[in-house]
Amino acid sequence: MPPKISLSRYLVEQQRMDGHIPAELRLLLEVVARASKSISQSVNKGALGDVMGGTESENVQGEVQKKLDIIANEVLIEANEWGGHLAAMASEEMEGIYVVPNRYPQGEFLLLFDPLDGSSNIDVNVSIGTIFSVLKKPEGAGVSEQDFLQPGCKQVAAGYCVYGPQTTLVLTVGDGVAMFTLDREQGSFVLTQENVKIPEDTKEFAINMSNMRHWDTPVKRYVDECLAGVEGPRGKDFNMRWVASMVADVHRILTRGGVFLYPWDKREPNKPGKLRLMYEANPMSWLVEQAGGAATNGRERILDIQPTKLHERVSVILGSKNEVERITHYHTKP
Ligand code: P6P
């Protein structure tokens, strides 16, 4: 049995080997991992803890906040604010940025997160997760929301923790994708896969089919061709999955390939899509690209999009490279 490599050892070796991870970033990632462990314990309590159900409040997206949304947000804030590695944080659950209080030293990194993605699945015991993205704070005194508005290609680290049958942390610092499974007996994340690779082709697509009548033509064409199966233009049968938890759908794609679509649709034409660019699409797109996949909004690479608002939304098509290229081609060269 090969030696168990902990997250800490992996990060130290990454730091020593490539200088990829400055000490402050290594500390940040270890703190986020520890916070994820704590969130996992709250999630796993379920009905045995006072963590299920909704609250009276709504988040900036106008969505009813679940108790666990708020718990996860507070865990991440409290775990990260004192360490001296961050200047500020941004969260799906908070309208504005959270500047590290003056009583703590400020660092050079910005942390963005969706503290508990897929929270509609909490009460029905389906996998959910925490998504995070790390940027460097631009030079200059102080920190503002404007400092966060950097394209996804500027990320210095990104990942998620999926709370499913296993609790698994998936991470990139720009040197490929590694997966760490929580060993509850040791209480530490153990390296269980590195150099993750997404197959370039797939027979599995993930989309919420109930929105079909609202889709734009290129998406409808793509899905119709998949449904036509081996007798159709694709010459093969496809399978469909939709967990309605981006973390779970992306984890499946990183593990066995596939393509995930949450496209623009006619229901709210002024909204580019449902998912958020800064703390959902960007971190997931970097992970997918680092694993040899692709991620576009149907027309351009998601990581090239210049954000204009902290909570802006985007259309997302990501996964197996050849499928994403095909769908993007249907949009740009119909
Ligand atoms: P729908 C969860 O609420 C989420 O933000 C993503 O995790 C997920 O992929 C999507 O929304 C599910 O949306 O419309 O199918 O419920």
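**Exercise 1.** Which residue in β13 does A206 stand opposite?

*Solution.* The model is predicted: local features require pLDDT of at least 70 and side-chain atom pairs pLDDT 80 or more, while totals for chains, interfaces and linings use all residues. Residues are numbered from 1 along each chain as its sequence is written, and side-chain values use heavy atoms, leaving out hydrogens and water.

Step 1. Strands are DSSP runs (E, at least two residues) numbered from the N terminus, and two strands pair if DSSP finds at least two bridges between them.

Step 2. Strand β11 (residues 204-206) pairs with β13 in the parallel sense over two bridges.

Step 3. Within β13, the residue opposite A206 is F260.

**Exercise 2.** Determine the strand order of the open sheet of five strands and its edges.

*Solution.* Step 1. The order is β12-β11-β13-β17-β15, with mixed pairing.

Step 1. β12 (239-240) and β15 (294-296) each pair on one side only and are the edge strands.

**Exercise 3.** Describe the shell around the ligand and the ligand's polar contacts.

*Solution.* Step 1. The ligand is surrounded by 13 residues, the closest being D117, N208, W242, M246 and Y262; a residue is near a molecule if one of its heavy atoms lies within 4 Å of it.

Step 1. The shell divides into six nonpolar, three polar and four charged residues. Here Ala, Val, Leu, Ile, Met, Phe, Trp, Tyr, Cys and Pro count as nonpolar, Asp, Glu, Lys and Arg as charged, and the others, Gly among them, as polar.

Step 2. β13 (259-262) and β14 (275-276) each supply at least two residues of this shell.

Step 3. Oxygen atoms of the ligand lie 2.8 Å from a polar side-chain atom of N208, 2.9 Å from an N or O atom in the side chain of W242, and 2.7 Å from a polar backbone atom of M246.

Step 4. Taken alone, the ligand exposes 400 Å², of which the protein buries 83%; accessible areas come from the Shrake-Rupley method with a 1.4 Å probe.

**Exercise 4.** Which residue in β5 does S91 stand opposite?

*Solution.* Step 1. Strands β3 (residues 86-91) and β5 (residues 109-117) run parallel and are joined by five bridges.

Step 1. The residue opposite S91 is F113 in β5.

Definitions and conventions. A polar contact is a pair of N or O atoms within 3.5 Å; within protein, one must be able to donate a hydrogen and the other to accept it, and residues adjacent in sequence count only if both atoms are side-chain atoms. Helices (H or I, at least four residues) and strands (E, at least two) are DSSP runs, numbered from the N terminus.
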